[in-house]
Amino acid sequence: MKSVRYGMRLAVLFWVLFFGVCMPLRAEEPAGEEASSEESALPVCRVRFSGQGLYVYADPLLSGVPIAVLPDGARVQVTLGPVDTLAGIRVCDTGAEGYVDARYLKRADAIVEDYDIYTYEEMVEDIRQLQARYPELLRVDTAGASADGRDLYVLTMGGKNATQHILVHAGIHAREYTNPLLVMEQLEQCLEYYESGSFHGTNYRDLFSNTAVHIIPMVNPDGIALSQFGESALRSPELVEMVRICYVYDVLAGRTDKPYEVYLTRWKANARGVDLNKNFPFGFGIGTSAVQPSYAGYGGLLPFSEPEAASLGAVTLQYQPTIVISYHSMGEVAYWDTSESRYRELNRGFSSYMLSMVPYRRMGGGGASGSYLDWLYSGETPVRSVTFETGNAACPLPAGQYPRIWLHHGSVLQAAAWYACAGL
Ligand SMILES: [Zn+2]
């Protein structure tokens, strides 16, 4: 992987030099009316997640002595990039110019905000606003509805000339609801920098023109609502009854000793008590820890019996993605293989590449147990895939985990699209 990293640094340097020579930072242009109006049109970003402050460097390789340190909340304009994770900036208050790590910047009027608890309703509203802001770049579809009647969204970015499809999904396990926020932010950042951003030397526009990225941000919205707000979040009385039955079973079977409210926060299944990641056909029924509906570990009566799993399966078959990114929590580890995968060799290079971006520990693969990955790797479409387990605290993850997750995963969509375009 050394050569990939070396190549990346070269690509960054090339782009900075190219822009430096051919397209000087806007702030360096002669101070005329046109230049200043162009400057003021640049969106304002604010610094976040910086801890001790964000260092601003004169050197685009972010080396040497910082020329400024910006606290969280400081306002800047992005005048260049992001080029990989580098941004050229102008500080709003002082006019100082330099380079920073772009991952610490967020647009001041961003749509997807940092929430302690990112809800289905907030996500739906964010999707509406993203579509309004980026009508040419984002397509919004639904692929069915959950058991409790929530729409299952599929968001597609790019793909005007798509030769390849990437599928990203999050929130298949209820209590792992930090990841829907993460993938929504990833999407917004790519849309926001669609015209100015580049990754490994390729413009976002080209990356996402050749590759369509399909995001299912919340596979299991009912379970997530249940984990976030308890049984009152469910609309159907029958499903509330089902959840109560699950509790009785789990208590009697010694599967929980928690009070009901705490038990619900730990929910993984959908609102019918089926673990969606055990509801796929390959290896179905093997390795389940529950024999009837439960907060976790029950695979259902039949493969694809659950509308949420069937929806994820249908979207996968519809687009036949060559790259799939699955988000789970927790442990800061990555799964990439299963013992019966048809695509192990194909996936070695991709998983290594993704793990050079996201410094998670690589895990081995187990036997089939009806998971999405088991099914994916048994299919006819050659596919590369990695499953990230974000966070290093018990689920649901505390909000304080999010900055580190963002810093690790802010470029995952760009990296996956670059890999797809590179034809490796
Ligand atoms: Zn999970």
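The structure is a predicted model, in which local features need pLDDT of at least 70 and side-chain atom pairs count only at pLDDT 80 or more, while totals for chains, interfaces and linings use all residues. Residues are numbered from 1 along each chain as its sequence is written. Helices (H or I, at least four residues) and strands (E, at least two) are DSSP runs numbered from the N terminus.

Helix α4 (residues 178–192) and helix α12 (residues 402–409) have axes that come within 11 Å and cross at roughly 45 degrees. Axes here are lines fitted to C-alpha atoms, for helices over the stretch in contact, and angles run from 0 to 180 degrees between N-to-C directions. α4 and α12 are therefore oblique to each other. On the α4 side the contact is made by T178, L182, E185 and Q186, and on the α12 side by Y402, I405, W406 and H409; two residues are in contact if their C-beta atoms, placed from the backbone, lie within 7 Å. By class, the contact of α4 with α12 has four nonpolar, three polar and one charged residues. In this scheme Ala, Val, Leu, Ile, Met, Phe, Trp, Tyr, Cys and Pro are nonpolar, Asp, Glu, Lys and Arg are charged, and the others, Gly among them, are polar.

## Helix α10 against helix α13

The axes of helix α10 (residues 344–357) and helix α13 (residues 412–422) come within 11 Å, crossing at roughly 150 degrees. That makes α10 roughly antiparallel to α13. α10 passes α13 in a right-handed crossing. F350, Y353, M354 and M357 of α10 meet V412, A415 and Y419 of α13 in this contact. The residues of the contact of α10 with α13 divide into seven nonpolar, no polar and no charged.

All six residues of strand β5 (residues 86–91) are buried, so the strand is largely enclosed by the rest of the structure. A residue is buried if 20 or more other C-beta atoms lie within 10 Å of its own, exposed if 12 or fewer, and partly exposed in between, with C-beta atoms placed from the backbone. L86, G88 and R90 point one way from β5, A87, I89 and V91 point the other way, and all are buried.

Strand β4 (residues 75–83) runs antiparallel to β5 and is joined to it by five bridges; two strands pair if DSSP finds at least two bridges between them. V78 has I89 of β5 as its bridge partner. β5 also pairs with strand β6 (residues 97–101), in the antiparallel sense and over five bridges. There, R90 has E97 of β6 as its bridge partner. The hairpin of β5 and β6 has five residues between the strands, and G95 in the turn has a positive phi of about 80 degrees.

## Strand β9 and its partners

Strand β9 (residues 151–158) has six of its eight residues buried, so it is largely enclosed by the rest of the structure. Strand β8 (residues 138–145) is antiparallel to β9, and six bridges join them. T142 stands opposite Y153 in β9. Five residues lie between the strands in the hairpin of β8 and β9, where G149 takes a positive phi near 85 degrees.

Four bridges join β9 to strand β13 (residues 211–216), and this pair is antiparallel. L155 stands opposite I215 in β13.

## Backbone exceptions

Most residues other than glycine have a negative phi, and most peptide bonds are trans. D84 is not a glycine, yet has a positive phi of about 50 degrees. D84 lies in the loop between β4 and β5, a hairpin with two residues between the strands. With 23 C-beta neighbours inside 10 Å, D84 counts as buried. Q320, also not a glycine, has a positive phi of about 45 degrees and is found in the loop between α9 (307–319) and β14 (323–329). Q320 counts as partly exposed because it has 14 C-beta neighbours inside 10 Å.

The peptide bond from G81 to P82 is cis, with omega near 5 degrees, and P82 is in strand β4. The bond from C395 to P396 is cis, with omega near -5 degrees; P396 is found in the loop between β17 (384–390) and α12.

How values were computed:
Parallel < 35°, antiparallel > 145°, perpendicular 65-115°, else oblique. Left-handed = near helix turned anticlockwise from the far one by under 90°.
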